[in-house]
Number of protein chains: 2
Amino acid sequence: MADINYKDFDKTGAFERLKKLSAPVLADVLTADRVKSMQAGIDLGNGEALQYNYAAKQVTDDIVDALATLAEEQQLIAKYRELAAGAYMNTGENRRVLHHLTRGQLLSPVVHEGKDLGAFYAEQQQRIADFAEAVHSGTITASDGKPFDTVVQVGIGGSDLGPRALYLALLNYIQASGNGASASGSRGRKAKMAAHFISNVDPDDAAEVLRRIEPARTLFILVSKSGTTQETLTNEALVLSSLASAGVASPKKHIICVTSETSPLAKSEEYLASFFIDDFIGRRYSSTSAVGGAVLSLAFGADAFQDLLDGAHAADRSAMETDIRKNPSLMDAMIGIWERNFQGYPSTAVLPYSQAMSRFPAHLQQMDMESNGKQVNRDAEPVAYPTGPVIFGEPGTNGQHSFYQLLHQGTDIIPLQFIGFVESQDGLDVDFQGSTSQQKLNANLAAQIIAFAKGSPSDNPNKNFPGERPSSLLYAQRLTPRVLGALLAHFENKVMFQGLTWNVNSFDQEGVQLGKVLTKQVLGSGELDGALEAFSQTLGVR
Amino acid sequence: MADINYKDFDKTGAFERLKKLSAPVLADVLTADRVKSMQAGIDLGNGEALQYNYAAKQVTDDIVDALATLAEEQQLIAKYRELAAGAYMNTGENRRVLHHLTRGQLLSPVVHEGKDLGAFYAEQQQRIADFAEAVHSGTITASDGKPFDTVVQVGIGGSDLGPRALYLALLNYIQASGNGASASGSRGRKAKMAAHFISNVDPDDAAEVLRRIEPARTLFILVSKSGTTQETLTNEALVLSSLASAGVASPKKHIICVTSETSPLAKSEEYLASFFIDDFIGRRYSSTSAVGGAVLSLAFGADAFQDLLDGAHAADRSAMETDIRKNPSLMDAMIGIWERNFQGYPSTAVLPYSQAMSRFPAHLQQMDMESNGKQVNRDAEPVAYPTGPVIFGEPGTNGQHSFYQLLHQGTDIIPLQFIGFVESQDGLDVDFQGSTSQQKLNANLAAQIIAFAKGSPSDNPNKNFPGERPSSLLYAQRLTPRVLGALLAHFENKVMFQGLTWNVNSFDQEGVQLGKVLTKQVLGSGELDGALEAFSQTLGVR
């Protein structure tokens, strides 16, 4: 392997080459052959696969070759291997970046202060699996000796968005497949435990959840890596008060913690149990650690969560492939660079044709925008090019009846990332007017790809569709835990490759600090900036 | 009043003047005095008010004056009055635009083919109020003679996003205020009926909702203005099948329709009841018509919905004010024009500091992007300037732990629209580390406004906050039905004023048509475009 060196991407030869290349006209080039050939897949084991199709992106073989050269010049695969081997890639905070290890060993073990960290993460997940099994079997019970039947995750940001998106994405699958205890749901099955989430410091968030649950039957998961997150500790206080009001004798025995071993939370013996992560698991990359593992294993069983980890691990392995045409996350990343830096598109829409993925775009919004929304490179020097785009999205077909108007006929071009599945999760369906719901769903998806790419000319400019709106399609047979894990890892690795290309540190978030400092000032008693004091008074603080 | 004439806004004198003006440096100008003076309010009656503060926007008195001149040159208030008086402002479809009339009479009555349309909309709402009262009192019952306790809205786009956002926004308020029947919730109160929503043609959406409800106890609302919406009719088939499976004797007697009087749905006598809208209520503007009125009156009672209408009507009246400094929606609109066309910012984030408003940004995304995502003017000629921006957002403080990193330190500037409330809805709160949750929430909000505006220099570029990120603040004492109605109308009127400035038709959506045509082709049996056939096969259709 060549020596690793870091440089801004406008210093590469490929950058100059890409500046001279022109996008193809999709209406001319997009044929059936192109659809069949411009695709890369990931084998997920168990007969499952995830495919990435980029036929409807505005790239030619020349452009892909130049993007491949850019990836080589920026040593993306070599840097990914360094990262997976335990390099201190989070330069600003001087930390390793090890979320990949939570789903399996990619390279040789990463040993830190004598501890094999892959083994440590696996051990935590095993502890969670045992704990979940004990809760499900009734060995571990609520204060009153009766079983827990509900779990509430209390956390914010990466402790909320990812786990919540994954929970919603699998709820239908688990309930329909009977991969849970049988019970009295209207269609006969249900998850092992119902899950809810409290995140916002707005007290109405906790109030709404606490109204819907029975505290006496509920196990709370307090998730904070540092053990000092303001929102989460405040919500813990609300939860403890609600448990006490409900007559629970030992409120803290209804709480487990997911935190780092050195945090204040970990030091308390009062909680029912604690499970650990460490500083090498970034918040927005923590869904496959105990942060997602506890709530998902309790809700759905540890087996389902293990399937998700296996899917993510398969995607992580596929991302090590050096041939860009066989590496979906690398291809996806580099096409994004083409769109952002050479075509000048400032945002990207993520559009899953699956209601179960309703909150996945919100998770990607954090993962992408918090990782690559940076203006300095990893050596803290200002960069001279645009970095991370705005990410937004809603499920299809809902979005078609909402913001697609602008996507089709607005004055800006927004690149699109579609996600689709051949089968539904639940299987409930009906034939209506000659087709099933699932057929209608996917007919809409295929139609949109072509409508965006090829448009349709009209003499009436109001009915004219200019087309040339690029999109990609990630798809699989069905949204299973394994496929979901692979999708999660696909996007994580895409974001990592883009950050490495831009030469930014995708793993810190200094941009959240100033707000914390000023909030503390407002809540304190010292003198404030005049405008800050005026806004604080306006809002009833101070 | 001068004659009304329509022209592209780059033909105005103010356009040239605005091009020459420079944004102020917020770090220099943002003082307590500015916070106190750059604000306009709306009196909502009942002692309530909504305030719009633009102190942290990058405008000077000169810029506001030029924007006011632009508003005058484009005759925005005069055109709004024309619209409210019943002009055919939806030029492409040759329709009036009358959603304002659903909340009250603004000018003299609009009479169409002998019918007073304001009276017609009011009559429909009175019919809904009577119907809801009969359901709540048990006069109207399910097939088995027992009461309905749950309502499910079946609709998509404007029949889903707005009503759902409003339902979620008021749920806590209604439950906490006891403005509903008392029942067995953990904190003692609940809404009159629980509401759910089915929108997506993805069968998993209906499956998930149908699993959570008891069909025998549920009243469904089928919402489709045309009575032909593919998704909604398909979901009706799923609902009917589920009602039949549950042993409901007359499934259609568990369904009411909200549709136009001429639609196929309206002609059926089989449904329990039908309530009407017409072609002059645009889908994304229909929340205050029967489209939102039925579900919200059933869930919360017609009184709460009437309060919402009153708040919206107050905002509609305030939008007629000709002095921009006294007209919040006009000021908001014109500052948006400044940002989009003169500062070059391509997107806007909507950030409510209230978990109850979690889906309000998704509603605004439709309302704004579908209205003004247009490339031709109202005479169907291409425009030479950017029109509607990308709209996205999530509640604070959650967003702070997600995409705010990019907002603070990314390479692009994203204008921000904050929303805040002095008090929480529920009142449940706890003092923790010297402050309540609500105080922490609002301290964060005030802090973010200043952090974005003023930044904070650092010798370490990684910790440097450049500031100069503009934001506005809409705020009220508490998120009540009246305030929510005013917020809804504020944004509708903002979008209307921007569309009139850009000289586009904000009330059609031709951009949704091509996808429908191609979907029909896929579901048919004729020959397809090769790429469309290949994608269809990939997704298991054809």
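**Between the chains**

Analyst: Happy to! Between chain A and chain B, 58 residue pairs are in polar contact, both residues at pLDDT 80 or more. A polar contact is a pair of N or O atoms within 3.5 Å; within protein, one must be able to donate a hydrogen and the other to accept it, and residues adjacent in sequence count only if both atoms are side-chain atoms. This is a predicted model: local features need pLDDT of at least 70, side-chain atom pairs count only at pLDDT 80 or more, and totals for chains, interfaces and linings use all residues. Side-chain values use heavy atoms, without hydrogens and water.

User: What makes B:Asp412 and A:Arg340 a salt bridge?

Analyst: The term asks for a side-chain nitrogen of Lys or Arg within 4 Å of a carboxyl oxygen of Asp or Glu. For B:Asp412 and A:Arg340 the closest N and O atoms are 3.0 Å apart, so the pair qualifies. The count between chain A and chain B is ten salt bridges.

**Inside chain A**

User: How do you know that the side chain of A:Asn372 makes a polar contact with the side chain of A:Ser506?

Analyst: Their distance is 2.6 Å, within the cut-off given above, so the pair counts. The side chain of A:Asn372 also has a polar atom 3.1 Å from the backbone oxygen of A:Val495.

Technical notes:
Residues numbered from 1 in each chain as written. Chains lettered and ligands numbered in written order.
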